[in-house]
Amino acid sequence: MKIVLVTLYDEYCLGARSLSSLFDSEGHETHIITIKGLDYVAPQLVPPPEEQDEDGYYSFCTYVTGKETRIFLDLIEKIDPGFIGFSFLGINYGLAVFLTEAVRRRFPNKPVIWGGTDSTVNPEDNIKYVDAICLGEGELPMREFIRRLERGEDFSDIPSMWVRRPDGQIRKNPIGPLEQNLDNFPWPDFELERKYVIHDNKLLETHFPPSTHLHTNFMIQGSRGCAFTCTYCHSGHSDLTYPGQKYVRTRSVDNVINELQYRKKTWPSPIERLEFLDDVLPLNQSWVRELAPRYRDEVGLPFYGYIHPNVSNPEILKVLTDAGCKYLIMGIQTGSQRTLRRYYDRKHDKRIIMQATQRMIDAGMRAMIDLIGYNPLETEADNLETLDLLCDLPRPYGIVKINPMAFYDNFRILDIAKREGIMDQLERPKGVHAYQAKYKPEFLFWEMLHTLAQFDGYSKESLLALAEDEHLRRNPQFLVELVEVMYRGTYMDGNPVSPKDEYVAYLRWRLHQIEQSSMYRVYKKLKHLRLVG
């Protein structure tokens with residue numbers, strides 16, 4: 001059977017890639033269609049109303065044109081799949097509805113299934129538009145689904161699926177058991193065949209959108225699940241999605257190393273860096289101790305991952321650095337203890353955050369800080385406490401672009417917003433299963449002040465003085481321009497993980513990589529033959 005899996009503004013799409021490999025292992029032919037990519041999720045990239053066509057879809061930060069929709073439908077017609085699956089996040093719910101309705105009008109007899117984080121947390125809304133939805137981890141239910149579909153058998157009782165029966169009734173099956181041995185699943189599908197990107201009114205037969213660092217980075221997930229219960233994060237709700245189950249699981253070291261060795265040999269261009277997408281990379285410390293020396297000896301590529309302040313074991317951090325870890329991204333989200341404990345369910349005080357940052361620096365890696373802004377639950381005192389923490393953090397560190405708080409439907413954080421009576425300060429963007437704060441200049445003001453704290457040119461006293469400037473609060477554009485200048489002057493290409501003083505070392509490493517490539521060796525041989533001739 002031919003199968004089409006559609007991902008929206010997400011070239012990572014590990015869920016779809018894992019399903020694709022699973023379907024292929026069952027003897028099917030899977031095609032992955034990616035609509036644009038993560039780098040294109042931005043309000044400023046959405047065409048203004050006067051440039052929007054009537055048969056396209058336009059939300060506040062994502063869109064497809066009418067031409068892109070027709071390209072999408074024509075491609076499905078050419079492939080002629082047995083069913084079509086969509087995987088998407090809550091930010092693209094409206095886009096998924098639009099494209100699904102377009103598919104149904106043109107191919108009324110093809111089953112359409114949705115899955116991903118939005119279907120897991122918003123099944124009541126999702127099932128309205130499709131034949132079935134898959135909740136939670138998809139490999140086991142979808143394998144059973146496709147087997148039954150191929151045999152023409154009833155599939156309405158498969159655990160972890162909601163199914164629309166022929167009489168229109170919805171069968172809501174409970175969540176099924178999770179696979180505990182992740183090695184039983186094939187590696188995610190990063191093969192180059194049968195991959196398509198629809199972007200800028202064109203069909204590109206390529207595996208990634210034009211603007212993405214995944215052309216030179218490779219991503220891997222050594223584990224699934226998160227031990228923490230952050231109220232604003234999908235991973236923090238695993239205890240509700242899988243009650244009573246063990247949802248934090250780890251692949252074997254052999255399995256991870258074998259995949260990476262295979263990718264190094266088969267990737268079409270030299271891989272410069274690995275991204276470990278585990279929610280918390282150092283969580284399973286015995287696994288890290290086993291993985292690190294083998295990674296260093298058998299893979300040998302720079303890599304980065306994610307860390308929680310509460311798991312900053314200095315020995316493990318040094319083990320990661322010795323294996324090639326260049327930086328870890330640590331979510332502290334805010335410096336306010338009130339916010340962390342009352343709203344975010346995160347239990348780490350200023351001492352723990354500073355200690356974790358210092359340990360990363362001492363281990364020889366770069367500390368990257370992740371923050372959440374634009375949160376009406378936070379007060380003036382909360383923002384000042386965050387600024388105080390950022391000014392006192394050990395240096396050097398960098399700040400990842402500060403993300404606005406999203407109050408996703410059926411997440412704990414939305415219940416908290418209702419409890420705290422701030423719903424009048426929130427708005428729901430078109431086509432999104434979440435609320436966000438109504439814009440106030442003060443939100444941008446605090447984002448810029450917090451961002452400036454990472455640069456050595458600003459003392460704590462000077463930043464606190466700026467925090468009292470009422471004119472800047474009402475007109476933060478000056479701070480925006482100041483931050484842009486600082487990023488350009490301090491970091492290579494404005495990227496906070498690449499200080500300019502480290503760029504020469506990077507260029508030398510990149511030259512070494514090129515000189516070791518087979519293409520370069522062939523070039524030298526041909527050049528020598530020409531000189532001899």
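**Helix, sheet and salt bridges in a predicted model**

Visitor: Which residues are buried in α1?

Guide: In α1 the buried ones are L14, A16, R17, S18, L19, S20, S21, L22 and F23. Buried means under 20% relative accessible area, exposed means over 50%, and partly exposed is in between, with a 1.4 Å probe and protein chains only. Helices (H or I, at least four residues) and strands (E, at least two) are DSSP runs numbered from the N terminus.

Visitor: What am I looking at, and how is it numbered?

Guide: This is a predicted model, in which local features need pLDDT of at least 70, side-chain atom pairs count only at pLDDT 80 or more, and totals for chains, interfaces and linings use all residues. Residues are numbered from 1 along each chain as its sequence is written, and side-chain values use heavy atoms, with hydrogens and water left out.

Visitor: What comes just after α1?

Guide: G27, which takes a positive phi of about 95°.

Visitor: Strands next. What does β15 pair with?

Guide: Strand β12 (residues 217-220) runs parallel to β15 (residues 273-276), joined by 4 bridges. With strand β16 (residues 303-307), β15 pairs in the parallel sense over 2 bridges. Two strands pair if DSSP finds at least two bridges between them.

Visitor: Which residues are bridge partners there?

Guide: M219 has E275 of β15 as its partner, and E275 in turn has Y304 of β16.

Visitor: D189 and K195: buried or exposed?

Guide: Both ends are buried, D189 with a relative accessible area of 5% and K195 with 4%. The closest N and O atoms of this salt bridge are 3.0 Å apart.

Visitor: And R395 with D456, what is the distance?

Guide: Their closest N and O atoms are 3.5 Å apart, in a salt bridge. R395 lies in the loop between α13 (380-392) and β19 (397-399), and D456 in the loop between α15 (441-452) and α16 (460-467), so the pair ties together parts that are 61 residues apart in sequence. R395 is partly exposed at 29%, while D456 is exposed at 66%.

Visitor: What does the whole protein look like in numbers?

Guide: There are 20 helices and 23 strands. The radius of gyration is 24 Å, close to the 24 Å of the globule rule for 533 residues, so the protein is as compact as a globular protein of that length. That radius is taken over C-alpha atoms, and the rule is 2.2 Å times the number of residues to the power 0.38.

Visitor: How much of it is buried?

Guide: Buried residues make up 53% of the 533.

Terms used
Salt bridge = Lys/Arg side-chain N within 4 Å of Asp/Glu carboxyl O.
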